[in-house]
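Thanks, everyone. Today I want to go through some backbone details. Here is the model on screen.

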Amino acid sequence: MRASQYYAPTLRQAPAEAEIPSHKLLVRGGFIRPLTAGVFTFLPLGLRVLRRVENIVREEMNAAGAIEVFMPVLQPRELWERSGRWDTFQPLPLRTEDRTGRWFCLGPTHEEVITDLVAGEITSYRQLPRTLYQIQTKFRDEMRPRGGLMRVKEFSMKDAYSFDIDQAGLDRSYEAMYEAYVRIFERLGLPVVIVEAEAGSMGGHDTREFMVLSENGEDTIFMCDSCDYAANAECAAARPPQPTQSRDKHGEPVLVDTPGATTIQAVCEQLDTEPQQLVKTLLLRADERFVAALVRGDRELNEVKLQRVVGTPNLRMATAEEILALTGAPVGYSGPVGLPEAVEIIADHEIAAMNDFVVGANQNDAHLVGVDAEVDFRVDRYTDLRRAVAGDECPQCSEGYLTAHRSIEMAHIFKLGTKYSEDLDAVFTDKDGQEKPMIMGCYGVGVSRAVAAIVEQHHDDDGIIWPLNVAPFDVVILLLDTESTQLFATAQDLATELEQSGFEVMLDDRDERPGVKFKDADLIGYPLSIVIGRRTADSGEVEVRRRRDRAEKIVALKEAGAAVEQLASGA
C-alpha cells in the first residue's frame with residue numbers, strides 16, 4: 001500500500017474534548033473521527049485494526065467450537081416484553097417506531113433474538129450442546145458518552161450464547177468460553193484480571209468480568225494483596241467483623257434534639273461523635289413493600305447487593321412523601337426503632353458488631369443515642385450491604401487486605417440458566433421423552449473497546465505502539481527522497497519482498513519532509529519501520545527500527561527482510 005494513495009489524515013493536535021490517551025491518539029493518528037457524541041466513524045487505519053481484533057476473536061471462538069451467525073439489529077418490542085426487559089434493561093435501549101406503529105429497539109444485546117431462533121430450530125437433546133456467536137454492532141442510549149471508544153452509543157461486540165441439556169453441560173461450555181477469552185486477551189496484548197461480577201440486566205449467576213487495569217478506566221475493582229480474590233465494586237465484599245457477644249445496656253435509648261441535622265456530618269457535630277458510631281437507616285421501596293437498609297454512618301449502601309438480597313429488580317429509594325407517611329418524620333431522621341412490622345429491616349454485618357450507637361428517632365429534629373440492635377429494635381437479617389473500600393479485610397483469606405484499582409471492562413461471561421429459555425419457550429425433549437428448558441450461557445467481548453484498551457496499554461509520548469498482530473500495517477517503509485526513481489524502485493521492490501513473506505506493508509512515498517514521516521510513523525504506531533534515504537543511495541544500506549523499544553539495525557539492503565523478521569519477534 002502506498003501512503004500517497006491512502007486515506008490516513010493525521011492531526012498535530014488532539015481535539016479539545018479528548019481526555020484520555022486512546023481517544024487523543026486514535027483521533028490524531030487518523031483511526032477514528034467523531035460524528036456526534038458517542039458515535040464514531042472508523043477510518044481506513046482504524047478499520048484495519050478493528051478487523052484484526054475481530055479475526056483474533058473469531059479464530060478463538062471457532063477453535064472453541066462456537067459457530068458464527070449474524071442477527072438483526074432491529075428487535076421487536078413483543079419479544080423483549082416476553083422476557084420482561086422492554087422497560088427494565090439498563091441503559092434503556094434506543095427505540096424506534098415503524099410506519100405501522102410497531103415498536104422496535106436497536107439491539108443492545110441479543111439474548112431474546114438468539115433464544116427465539118433456537119426455540120424454533122432445536123427440539124431434541126441430540127441437537128445439543130450448541131454455542132452460537134456473532135460480531136455485531138450494538139446500540140445503547142448512554143446519557144454521557146465519554147472516553148472516545150470506551151463508552152459510546154454505538155459499538156462493536158462479540159456475543160456468544162451456549163445451549164445445553166443440563167448444568168454439567170453448561171459448566172463445560174462456560175469453561176470453554178473462559179479459556180477462549182484468556183487466549184484472546186493474550187493475543188491482543190491485554191493483561192487481564194478476572195473478577196467476580198454482578199449479572200445486572202442480563203440475569204444469571206457465576207458471572208466473571210475480564211478487566212484491564214488502567215488509570216483511565218471507568219470501573220473500580222478490588223484485589224486482595226495476599227490471595228487471588230478479585231471482584232468489581234458492585235459485588236466486592238469485606239470480611240464480616242465478629243458480632244458483639246454481649247451488650248451492656250445502661251437504660252433505654254435517650255432522645256436528643258438535633259435541629260436541622262439531616263446529614264451524618266451535622267449529627268456528629270451536634271453530638272460530638274464520630275460517623276463510625278452512627279447507623280444510617282435507608283428506606284427503599286421493593287415492589288409493593290418497604291425495606292430498611294442499615295449501614296454504619298461512614299459507609300455507603302451498595303444498592304446492587306441489596307437488590308440481590310430482596311430478590312427484585314424493582315428497587316428504588318422511598319420518596320420524601322413515603323418516608324413521612326411511614327415514619328412520621330421528614331427525610332434525614334429515619335431510624336429502625338419503632339418501624340412498622342411490615343417494614344423488613346436488613347442490616348449490614350457491621351451493625352452486629354456495634355453497640356451504644358446513634359440512629360434517627362423517626363421524629364423531626366431528633367435522634368436516639370445509646371441504641372443496640374436486637375435489644376431496641378429487631379433485625380430481620382444480617383448480610384453484606386455496604387460498598388467495599390480499600391483497606392477492608394479480604395473475605396476469602398485471613399491475612400490480606402483489599403486494594404482498589406481503576407480498570408476497563410473488556411468482557412463479561414454469565415451462566416444464564418433457564419431465564420430466557422423459559423420465557424421464550426426454548427425447550428427440548430430429553431432421552432426419556434420429557435420436555436425441558438435449555439440451559440443457557442452468555443459470553444460478550446467489547447471488540448471496538450478493545451481497540452481503545454490496546455492503545456491505553458501500549459503508547460508513549462510520541463504515539464501508539466501497536467502489538468504486531470493488531471497493527472494496521474506491520475511495516476512502514478519511509479522513503480525519504482521521493483524524487484529519486486532509483487530509491488523509489490528499491491522501496492517498491494522491498495515492499496513486494498516483505499509482502500511475499502507475509503507482512504502487511506505501508507510504503508510512505510508522500511511528498512513530505514523526513515521529519516513529518518518519522519513523526520507520523522511514531523504517531524500511527526507501525527511496529528517496524530525501514531528507512532530508505534541517503535544512506536541507501538550512498539552505501540546500499542537501510543535502517544530497520546522497532547517501535548516498541550527503539551531497537552534498530554543498519555543492514556545491507558539484501559538483509560533487510562531478515563532484519564525485519566528478527567525484530568518482529570520482539571514487536
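Let's begin with Pro91, which sits in the loop between helix H3 (77–83) and strand S5 (95–97).

Two housekeeping points. This is a predicted model: local features need pLDDT of at least 70, side-chain atom pairs count only at pLDDT 80 or more, and totals for chains, interfaces and linings use all residues. Residues are numbered from 1 along each chain as its sequence is written, and side-chain values use heavy atoms, with hydrogens and water left out.

Back to Pro91. A cis peptide bond links Gln90 to Pro91, with omega about -10 degrees.

Next, Pro129. Look in the loop between helix H4 (111–119) and strand S7 (130–139). The bond from Leu128 to Pro129 is cis, and omega is near 5 degrees.

Why point these out? Most peptide bonds are trans, and most residues other than glycine have a negative phi.

Asp272 is not glycine, yet its phi is positive, near 50 degrees. Find Asp272 in the loop between helix H6 (264–271) and strand S14 (279–286). Is Asp272 buried or exposed? Asp272 is exposed, at 72% relative accessibility. The cut-offs: buried is under 20% relative accessible area, exposed is over 50%, partly exposed is in between, with a 1.4 Å probe and protein chains only.

Last one: Arg550. Its phi is positive too, near 65 degrees. Arg550 lies in the loop between strand S30 (541–546) and strand S31 (552–556). With a relative accessible area of 40%, Arg550 is partly exposed.

Notes. Helices (H or I, at least four residues) and strands (E, at least two) are DSSP runs, numbered from the N terminus.
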